[in-house]
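Good morning, and thank you for making time for this presentation. Please keep the structure in view while I speak.

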Amino acid sequence: MYDSELLVWRNLMEDGTQCLGDEQYLKAESYFVQGLLKAYELTVPEIVAFTLRLLATVRVRLGNLEFAEAGFNEALQICQEIQNAKGMAEAWAGLASISVKKGRLKEAAEDYERAIAIYPTASPQLRLSMLYADLGQVYAVLEEWTSAKRAYSQAVELCRSYGFPKGEAELDVLSGELCFRLGQKTEALVNLKHACQLFAQIQDMAALSTALQYLALLYFDQNEIYLAFENQQRAVALCLQFETQEIISESCYFLSKIEQNLENFKEAKYYLELSIQNYPEQNLDLAMRYLSLGNLLFISMDFAKSELYYLKALNLFEACHDEQRVSEVYEALGLLKGMQQTDSSLYVYDKSEDRSQLHGEFTIEALIHLAEFYERRRNDRDALECYWKALKRGREAEMSTDWIEYRVQQVSKRLRRKK
């Protein structure tokens, strides 16, 4: 009878663990609940505590933190009664993970320290390395840098000793980032180079791309621009194959900055356009990309397209109420108009990106600000175009448009007098 009951429990736990690995958390919870009922019937403390920990783990994933905390506490009490050191360590680690979720980082660090202190030497040491890594990350968030570095070093040694190169490489990246923050840049460089070597050996190209970007950032910070370029170019080539649009956008944006430092403006423009194509949101970061591209096009004396991207940036900065950036774009537009007036032959209008289509994306407030800007620059034709767009949008929204109508009349009068 006992053997058959034990087999039922074991099958439930295997099915639950499979679902947990597949991130099917509700199904995993169901199997573990059934397993816990069976464990209570078996009345074996080790089995009950083990089941409670797995059930609590999946409840952490589901966000049911109170139930999870109760489960880990019950498992801890059982393991303390039977003096099961491995079980106690895992229960403390589980409680630490909950404290992290709740933002109780000091408590989390204490729980991880307890787990590590009683972890048996006969138990799998790679699991101990994970506990050190988790502890290091908590200390890093707490900005207790020395403690974080010590924990990472312990984790790296265990990964190296027990043949886990992926874990060793990931910890090298964390250590490199930490050393960079501490100003220990030579040590950071050693860690990141070693991480890149390990990721290349195990052919984890996505992780290699990330490590190369950290390395490029470190070289860029040290003004080693060519080395930064080489590493970031490799990173971009890899991330185009493996990463999400947002990561691709960030990678290309940084490479564009490096190219600009090297005065490779054509290449910088190419990667900046690629960054914009892959950027998924309409926010300040996209506005900064538009502004940067406008600047590049200005340098290239492609004034028509430069103005278009300045206007795109202006629209987003207006929508995000970033007054400082709005002023910066107005200054750029003013300089642009000055250049156009100095040598009108340089201004070639590109009909492929009609400015009137761009204005259709603007808020009414942005259109009015832009019209006022053009008025101050005595560019009445563009000012009138913006006022008309604002007037149309205002009427569609059933807003009061008397003031806008007045400005349309005034600008129209000036244009007629010029004729």
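I shall speak about pockets and then about pairs of packed helices.

A word of caution before the details: this is a predicted model.

Rolling a probe the size of a water molecule over the atoms shows where empty space is left. The largest pocket has a volume of about 500 Å³. Its lining is formed by 19 residues, and those closest to the centre are Thr 57, Phe 72, Glu 90, Gly 94 and Arg 127. By class, the lining holds ten nonpolar, six charged and three polar residues.

The second largest pocket contains about 280 Å³ of space. Which elements supply at least two residues each to its lining? They are α11 (205-221) and α13 (245-261). Among the lining residues are Ser 209, Gln 213, Tyr 214, Cys 239, Glu 243, Glu 250, Ser 251 and Phe 254. The lining of this second pocket divides into five nonpolar, four polar and three charged residues.

I turn now to the helices. Two packed helices are described by the angle between their axes and the distance between the axes.

From α2, the contact includes Tyr 25, Phe 32, Leu 36 and Tyr 40, while α3 brings residues including Ile 47, Leu 55, Val 58 and Leu 62. This contact is made up of 16 nonpolar, two polar and three charged residues.

The next pair joins α12, residues 225-242, to α13. How far apart are the axes of α12 and α13? The distance is 9 Å, and the packing angle is about 155°. That angle makes α12 roughly antiparallel to α13. Here too we have a left-handed crossing. On the α12 side the contact includes Phe 229, Val 236, Cys 239 and Leu 240, and on the α13 side it includes Ile 248, Cys 252, Leu 255 and Ile 258. Eleven residues of the contact are nonpolar, four are polar and one is charged.

The contact is made by Ser 249, Glu 250, Tyr 253, Ser 256 and Gln 260 of α13, together with Met 288, Arg 289, Ser 292 and Leu 296 of α15. By class, three of the contact residues are nonpolar, four are polar and two are charged.

To close, let me return to α13. This helix packs against α12, makes contact with α15, and supplies residues to the lining of the second largest pocket. Thank you for your attention.

Definitions and conventions: Residues numbered from 1 in each chain as written. Predicted model: local features only at pLDDT ≥ 70, side-chain atom pairs only at ≥ 80, totals over all residues. Heavy atoms only, no water. 1 Å grid on protein atoms, 1.4 Å probe; cavity = no way out; pocket = protein on both sides within 12 Å on 5 of 7 lines; lining within 4 Å. Points joined across faces, edges and corners; volume = space filled by probe spheres on them. Nonpolar A, V, L, I, M, F, W, Y, C, P; charged D, E, K, R; others polar. Helix = DSSP H or I, 4+ residues; strand = E, 2+ residues; numbered from the N terminus. Contact = heavy atoms within 4.5 Å. Axes fitted to C-alpha atoms, helices over the stretch in contact; angles between N-to-C directions. Parallel < 35°, antiparallel > 145°, perpendicular 65-115°, else oblique. Left-handed = near helix turned anticlockwise from the far one by under 90°.
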